Amino acid sequence: MHPPSRKDYISISLAGQGTYNNGKQWRRQSCWRKWKQLSRLQRSLILLFLFMCGIASYPAVAEHLRGLTDGERSTESNSVLRPVFPQVLPEPVKPLPEQSSQKKLSNKRGPPILQNRLQKKGNGTVTVKEKKEKEEEGVISWRGAVVDTDKDTGEAKDGESKDLANHTSGPSNQSEASLLEAVKDAFRHAWQGYKDFAWGHDELRPLSKSYSEWFGLGLTLIDALDTMWILGLKEEFEEARTWVATELTFNKNVDVNLFESTIRILGGLLSTYHLTGDTMFLDKAKDIGSRLMPAFNTPSKIPYSDVNIGKGTAHPPRWTSDSTVAEVTSIQLEFRELSRLTQDPQYQDAVAEVMKQVHQLDGKLDGLVPMFINTNNGQFTHQGIFTLGARADSYYEYLLKQWIQGGKKEDQLLEDYVQAIEGVKKNLLQKSSPNGLTFVGELSHGQFSPKMDHLVCFLPGTLALGAHHGLPADHMDLAKQLMETCYQMYIQMETGLSPEIVHFNMHEGSIRDIDVKLADRHNLLRPETVESLFYLYRFTKDHKYQDWGWNILQNFNKYTKVSSGGYTSINNVRDPDYTSPRDKMESFFLGETLKYLYLLFSDDPSLISLDEYVFNTEAHPLPIWPSTA
């Protein structure tokens with residue numbers, strides 16, 4: 001027998017007075033009536049008192065929440081990102097490396113559309129502190145990631161000097177072996193994430209412990225082959241070699257981008273063949289090279305952007321018949337080398353025709369080229385816009401490097417390069433205010449824009465390489481100035497990591513040199529700055545370049561490292577407490593960024609000697625051709 005149900009109110013009927021109701025709804029109405037009867041001042045005082053009570057209790061609550069995650073922290077010395085799971089649920093079982101259900105849409109090289117999060121107010125100029133010995137830890141959560149904000153790697157602080165000479169938190173007191181081991185540790189950590197969650201696929205998504213596909217050809221693995229060989233990671237290399245030998249096939253009905261597959265796959269296979277002498281890699285290079293050749297079957301001989309490597313067909317993008325100038329003029333090193341190795345001239349002939357046509361075209365400005373070229377008529381389009389950033393950058397790089405690769409005999413390439421550098425000086429070079437940083441802007445129909453992509457930071461290294469091979473000494477002077485600017489793009493950010501794009505102030509009275517728009521605050525783990533640091537250190541032996549590279553590596557470890565393996569690009573370099581991870585590790589982080597850091601920290605000039613090798617634009621070293629004289 002159940003007891004009678006209990007009501008939550010009582011009613012008392014009073015003659016002539018209606019019903020007195022003690023229910024919850026009536027009580028709420030009564031409280032609201034009393035609140036409204038208070039004066040505005042009384043209500044304000046009550047609200048202020050409640051607010052102060054909340055502020056007073058916040059530290060205790062925050063400390064309690066921090067304690068909940070202490071048990072999950074990594075024991076590694078560098079702070080990392082890690083997935084967070086609800087406290088009441090166990091961590092999911094680690095997925096198998098090749099679960100097809102985890103495939104996600106991929107993004108092509110370059111910044112995809114951003115989902116910008118709430119930003120910190122202000123955009124003040126900051127620099128990097130020297131390393132603290134005492135660690136201060138905090139925890140910030142974002143979309144399933146916990147960022148352990150280990151302060152050991154140098155947090156940005158307002159008011160400190162921007163003088164680069166004051167930034168001595170680098171590796172000056174560390175041995176070469178310890179610096180090289182730090183890069184190996186970073187590579188092993190990134191590789192472990194790829195091996196566990198993305199093996200054989202194009203790119204790792206470290207936070208979701210999954211992968212994304214672009215071409216479905218194991219881009220990260222192929223991009224990283226020569227890096228592993230150079231770093232001496234033989235066990236990891238052998239695992240990857242086995243996959244290439246037994247699993248990699250190009251007989252697939254898939255569209256690939258001509259430029260990206262050339263610099264990453266063809267370049268990576270050719271480089272690994274030269275470093276190891278293993279003909280299996282050369283055979284694979286021949287296979288992919290021959291499958292890319294249909295791209296050149298156009299009315300103008302300017303190649304289409306996309307090739308179906310299974311069907312043997314090619315086409316431009318759906319929305320245009322144009323290709324980008326950088327893409328069609330930055331495949332030459334690889335195809336020329338493939339012809340030399342196979343004694344088949346078709347590859348070199350195809351890319352040489354492109355360079356010949358571009359050399360003769362109208363529409364240049366003092367050696368500077370527009371960004372687009374039409375595959376039907378072979379003419380520049382969208383004329384009047386000149387940049388050393390996206391869509392034009394590696395055209396200039398490959399002018400110099402083809403000249404070096406061929407034994408410095410192709411004078412037309414050298415002349416075009418030297419003329420272009422003079423065009424940069426005349427039209428795109430300016431200084432910022434208030435500190436006079438030298439930067440490369442853009443020109444649009446005669447109007448100068450102080451916009452500079454991080455991609456432009458390839459230029460200091462290229463200028464230094466040219467000076468090393470006999471070009472004017474002022475090329476090296478300009479390289480040093482631009483190198484300082486590129487490093488400032490890092491240290492003036494609160495995370496010590498550069499955004500994708502910056503704008504420089506040129507007006508007198510400016511408070512800071514660099515501004516960053518909300519849509520440009522992402523960092524994709526790009527290599528261009530550490531690439532140039534490598535060249536500058538190799539040629540000058542000035543240890544400050546190693547110091548700068550060390551600071552960048554430390555900040556990659558601090559803000560982009562994921563505890564379960566891998567590194568992630570981030571959306572916001574301006575807010576160290578809310579970096580907004582993007583859950584993607586680009587293949588070039590292993591193929592380029594870590595490789596250049598390793599070479600930067602090495603004092604052995606014979607390790608990929610710059611008198612014997614030239615790097616393609618994906619950091620794959622190819623041999624300088626022996627003289628036939």
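## The surroundings of T617

Beyond its neighbours within four places in sequence, T617 is in contact (heavy atoms within 4.5 Å) with F259, I263, S394, E397, Y398 and E592. T617 sits in the loop between β25 (613-615) and β26 (621-623). With a relative accessibility of 15%, T617 counts as buried, a label for values under 20% relative accessible area with a 1.4 Å probe and protein chains only.

UniProt, in an unreviewed entry, lists T617 under "binding site"; such annotations may be inferred rather than shown by experiment.

## About the model

This is a predicted model, where local features need pLDDT of at least 70 and side-chain atom pairs count only at pLDDT 80 or more, while totals for chains, interfaces and linings use all residues. Residues are numbered from 1 along each chain as its sequence is written, and side-chain values use heavy atoms, leaving out hydrogens and water.

## The whole protein

The protein has 17 helices and 26 strands, taken as DSSP runs (H or I of at least four residues for helices, E of at least two for strands). Of its 629 residues, 56% count as buried. Among contacts with a separation of 6 or more, 71% join residues 24 or more positions apart.

## Where α3 meets α16

The axes of α3 (residues 176-197) and α16 (residues 544-560), lines fitted to C-alpha atoms over the stretch in contact, come within 12 Å and cross at roughly 30°. The two helices are therefore roughly parallel (angles under 35 degrees). L179, A182, V183 and A186 of α3 make the contact with W550, L553 and N557 of α16. These residues divide into 6 nonpolar, 1 polar and no charged.

Note on methods
Axes fitted to C-alpha atoms, helices over the stretch in contact; angles between N-to-C directions. Parallel < 35°, antiparallel > 145°, perpendicular 65-115°, else oblique. Nonpolar A, V, L, I, M, F, W, Y, C, P; charged D, E, K, R; others polar. Buried < 20%, exposed > 50% of the residue type's maximum accessible area, 1.4 Å probe, protein only.
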